[in-house]
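Hi there,

Here is the structure I promised to pass on to you. Have a look at it first, and then read on for what turned up among its charged side chains.

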Amino acid sequence: KGHASELTSEQVVDTMTSFWDRFGRVVLGVVVAAVAIGAIAYFTIQNNERRNNAAAEKLAEANALFWNGDYERSKTTAEEVIKQYGTTANGNDARRVAGDAAYWKGQWKDAIAQYKAYLGKQSTGIVAQSVRRSLAYAYESDKQYAEAVKLYDQLVGVFERESSGEMLAASARCLEAQNNKAEAAKR
């Protein structure tokens, strides 16, 4: 027969039964909780994806209106996207489109608010840098020269060489508007 250290099948069954009697409810609870969390996560991700896709369709319409020069309808459509889908990536991008439309309508304060809201949710990447540039232009147009100078100076070296020259010239323009000729000359 076997060694004394070998377990019999009967001992294994007894050990398993004893474990189940002691911890079965806990194990079952953990498994049920894990399945529930997984299901909630799956349905949340699916719902967010559907919302982001719906926002993308409406945002495409706002974008097309903008590029066709219909800034009023573009802004209104973008604001609808923000209202319905503001928590999605495309909902946030609608803030950029609404800001651009407001800018081209001469509504500087509204453009500033939209650009700042966009950057509050998305502060990195090339699109965010472009929004920062648009924000600087909006500040300058609204005669908030000090704010514009800060952004223009931050954007030097971010884009290609010609844009850096443009940012330096814009910063100098704002400094001259503040009667700060010495700093303007440095730029």
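E72 is partly exposed, with a relative accessible area of 43%. Please keep in mind that this is a predicted model. E72 has a partner, K105, and the two form a salt bridge whose closest N and O atoms are 1.9 Å apart. The pair links distant parts of the chain: E72 sits in helix α2 (residues 71-85), while K105 is in the loop between α3 (89-104) and α4 (108-121), 33 residues apart. K105 counts as partly exposed too, because its relative accessibility of 30% falls between the cut-offs of 20% and 50%.

Now try helix α3. Are D93 and R96 buried or exposed? Both are buried. They form a salt bridge as well, with 2.8 Å between the closest N and O atoms.

Another pair to find is R187 and D153, whose side chains meet in a salt bridge at 2.8 Å, N to O. D153 lies in helix α6 (residues 145-155) and R187 in the segment after α8 (181-186), so this contact ties together parts that are 34 residues apart in sequence. Both residues are partly exposed, R187 with a relative accessible area of 28% and D153 with 29%. These two also belong to a network: salt bridges with shared partners join D153, E183, K186 and R187.

How many salt bridges are there in total? The count comes to 13.

Enjoy exploring, and write back with any questions!

Best wishes

Key. Residues numbered from 1 in each chain as written. Predicted model: local features only at pLDDT ≥ 70, side-chain atom pairs only at ≥ 80, totals over all residues. Heavy atoms only, no water. Salt bridge = Lys/Arg side-chain N within 4 Å of Asp/Glu carboxyl O. Helix = DSSP H or I, 4+ residues; strand = E, 2+ residues; numbered from the N terminus. Buried < 20%, exposed > 50% of the residue type's maximum accessible area, 1.4 Å probe, protein only.
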